[in-house]
Amino acid sequence: MGRKAQEVTHFAKQVMDECVRLQKQSGMTIKEFAKACGFGEVYWYTRANYSLPLNLSDLERISEVTGVSIGDIVMDSKRHAVEAAERKAQAGDYGLAAYNAQGKQEAINGEAGPDYDEPA
């Protein structure tokens, strides 16, 4: 069974996340960025909340506004998604364990040994 044309796939979400990152990095407000790209705000928000996918024309406009090639937007979207997944995994695997480690609570309370003291 084929996919629906307007389905927002995992890949489409990654690319949209990258475009949102580029919008934030641009220093423009959402309103300014959407206008610069020739989008209405509703158009942008509908895609940013994954109700509809961006199309190639949208990517072309975002590329022109940000100066980032479509290829780089796509490649960076995959790289950033992998990095985010790795950060999430590390936080889940190590975050709680480190907090619960022997001596950690004492360090937080400021009652730990000399390693935590200010240098003399």
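This is a predicted model: local features need pLDDT of at least 70, side-chain atom pairs count only at pLDDT 80 or more; totals for chains, interfaces and linings use all residues.

Me: Which helix gives the most to the lining of the largest pocket?

Reply: The lining has 14 residues, and Asp17, Ser77, His80, Ala81 and Ala84 lie nearest the pocket centre. Helix H1 (10–26) and helix H5 (70–100) each supply at least two lining residues. With 7 residues, the helix that gives the most is H5.

Me: How many residues of that lining are charged?

Reply: Asp, Glu, Lys and Arg count as charged here, whereas Gly is among the polar ones. The lining has 4 nonpolar and 4 polar residues, and the number of charged ones is 6.

Me: What pattern does the chain follow along the sequence?

Reply: Let's start with the elements: the chain has 6 helices and 0 strands. Read along the sequence, that gives the pattern α-α-α-α-α-α.

Me: Are H2 and H4 roughly parallel or roughly perpendicular?

Reply: Helix H2 (residues 30–37) and helix H4 (residues 56–66) have axes 9 Å apart and pack at an angle of about 110°. Angles of 65 to 115 degrees count as roughly perpendicular. H2 is therefore, relative to H4, roughly perpendicular.

Me: Does Ala5 count as buried or exposed?

Reply: Ala5 lies in the segment before H1. The cut-off for exposed is over 50% relative accessible area. Because its relative accessibility is 72%, Ala5 counts as exposed.

Me: What separates the C-alpha atoms of Ala48 and Asp17?

Reply: Ala48 sits in helix H3 (residues 41–48) and is partly exposed, with a relative accessible area of 26%. Asp17 is one of the residues nearest the centre of the largest pocket. Along the chain Ala48 and Asp17 are 31 residues apart, and their C-alpha atoms are separated by 7.5 Å.

Me: Lastly, what share of the chain do buried residues make up?

Reply: A residue is buried when its relative accessible area is under 20%. The chain has 120 residues, and the buried share is 22%.

Terms used
Residues are numbered from 1 along each chain as its sequence is written. Side-chain values use heavy atoms; hydrogens and water are left out. On a 1 Å grid over the protein atoms alone, a cavity is a set of points where a 1.4 Å probe fits but cannot get out, and a pocket is an open set with protein on both sides within 12 Å along at least five of seven lines; lining residues have an atom within 4 Å of a point. Helices (H or I, at least four residues) and strands (E, at least two) are DSSP runs, numbered from the N terminus. Buried means under 20% relative accessible area, exposed over 50%, partly exposed in between (1.4 Å probe, protein chains only). Axes are lines fitted to C-alpha atoms, for helices over the stretch in contact, and angles run from 0 to 180 degrees between N-to-C directions. Angles under 35 degrees count as roughly parallel, over 145 as roughly antiparallel, 65 to 115 as roughly perpendicular and the rest as oblique.
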